[in-house]
Amino acid sequence: KVAEVSKIIIRNRLSELYKDNWYVVERWLRKLSPSEMNEPSLLLSACWPAYENIQFELVGSLLQQAELLLKNNQESALYGEWNLISGLLQFWSGNCDQAMTHFEQAKVLLPKEENLFTGMLNLHIAMARTVSGKIELAIKELKQQIQQSKGNAVYETRLYSGLYYTNMFAGNLAQAKRNGNKVKTIGAKNDLHYTHAMGVCQEAMACFCANQLEDAIGLLKIAEQKRFILHKGTAIDAMAAKVIAYEIQNQPKEADATLKTLKAFTTELNQDAYTIVSSSCEMRLLSMRNKLEKAMEWQSLMEQTPIFASLFIWIEVPRLTQVRVLLRESSEKSLDKAAMILAEVDEIAKHYCLINHQIEMAVLKVVLLIKRGMLTEAAKALDTALQLSEPGHWIMPYLEWKSELYPLIAEVGSDKGGSYFYKLLLKSLNKAIG
């Protein structure tokens, strides 16, 4: 019976993976015990759901087992798949050079056809190039690949996802929104449920950062409904964004209800990496309401070292929420600690060319200087923040600190008054303050 189940999975795994149904393959694999996973194709199949669930240690273990079984078969498509997944793991570990070595090998060994694997390959090559400072090359290659595509839907959505992520890294929200909408549309048209849900999240996050909150909340409601088939990091971040969007919109009951759903979801998933994010979102919400006792206790225990995977395009970054809590508390000791953490995270964000997080931190630095009473320095820091935010009309970080920032932003109007972005930002702040 076990042998028959294994044969069925091996025979059908690619057709389901190529249709984006990694969760179907996950259900099949549950019929086998770990000791029965004795074929490289079974081990590689198990990598995909583990990857979507951000179980990177498990992915690494499965890859080690598969490598031993593939040692005499290193010219095969299976070894190409092994290199692809190994590259994904290195990318998320922030090791872009090692990732590219695996990707180049995968490019040689994988069949030259349009499918999930070649789409994921091109998507992650583009992201690796972007976070290595080669965004122009990344975008050029993706656009060429889209132009040359024969129309495989899964493949094309990975290319548009590549454009989405590169534009989010660069802070280009209008382009990112268009790319996410394209993923959503192609996914819906071709009944690719996972892809459609990912496209919904992509478009939603671009809307959120641009302060298009009605659109964002509408999309994030759909994402919440699809959370069980989504990439888990994406699902959790989308729900966290919905919490903050409701709070910014002065809808505390809806924010509380979404947080309750988020906490139940992460409790059910039962992984530290998930519960850290839901706890962080809760503390961010409490700090926005100036309820600091529980939040300060939480931040005193938060010693998560910032890494690329914890930053990415995520809205809810626990290390930055720690800074938010410290800024709200605003004692000298808290402000010193906030400054230290900002410097630490800023170094990582600059190393990986993450303009999205550099914008967030530039705004937090302005708040830090205001809290210290250093208004001349705060005005200079605000100019830096505005320069980073203006090209992509990135507004959301300012709204979380509307009361602190409004006087200073209004004051620089004589210099910035003619700028469309400045007018948009001031209008957004006025509306948020009410």
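Colleague: How far from the ring centre of tryptophan 401 is the charged end of arginine 328?
Modeller: The model is predicted. A charge counts as over a ring if CZ of Arg is within 6 Å of the ring centre and within 35 degrees of the ring normal. The charged end of arginine 328 sits over the ring of tryptophan 401, and its distance from the centre is 3.8 Å.

Colleague: Which residue lies over the face of phenylalanine 265?
Modeller: The distance from the ring centre is 5.7 Å. The residue over this face is arginine 227.

Colleague: How many aromatic pairs does the structure hold?
Modeller: Rings of Phe, Tyr and Trp pair if their centres lie within 6.5 Å. The number of aromatic pairs in the structure is 20.

Colleague: Are the planes of tryptophan 92 and phenylalanine 308 stacked, tilted or edge-to-face?
Modeller: The ring centres of tryptophan 92 and phenylalanine 308 are 6.1 Å apart. Planes under 30 degrees apart count as stacked and over 60 as edge-to-face. The planes here are at 45 degrees, so the pair is tilted.

Colleague: Which helices does that pair link?
Modeller: Tryptophan 92 and phenylalanine 308 are 216 residues apart, in distant parts of the chain. Tryptophan 92 belongs to helix 5 and phenylalanine 308 to helix 17.

Colleague: Is phenylalanine 308 buried or exposed?
Modeller: Buried means under 20% relative accessible area. Phenylalanine 308 has 2% relative accessibility, so this residue counts as buried.

Colleague: What is the arrangement of tyrosine 164 and tyrosine 165?
Modeller: Their ring centres are 5.0 Å apart. With the planes at 70 degrees, the pair is therefore edge-to-face.

Note on methods:
Residues are numbered from 1 along each chain as its sequence is written. This is a predicted model: local features need pLDDT of at least 70, side-chain atom pairs count only at pLDDT 80 or more; totals for chains, interfaces and linings use all residues. Side-chain values use heavy atoms; hydrogens and water are left out. Rings of Phe, Tyr and Trp (its six-membered ring) pair if their centres lie within 6.5 Å; planes under 30 degrees apart count as stacked, over 60 as edge-to-face and the rest as tilted. Helices (H or I, at least four residues) and strands (E, at least two) are DSSP runs, numbered from the N terminus. Buried means under 20% relative accessible area, exposed over 50%, partly exposed in between (1.4 Å probe, protein chains only).
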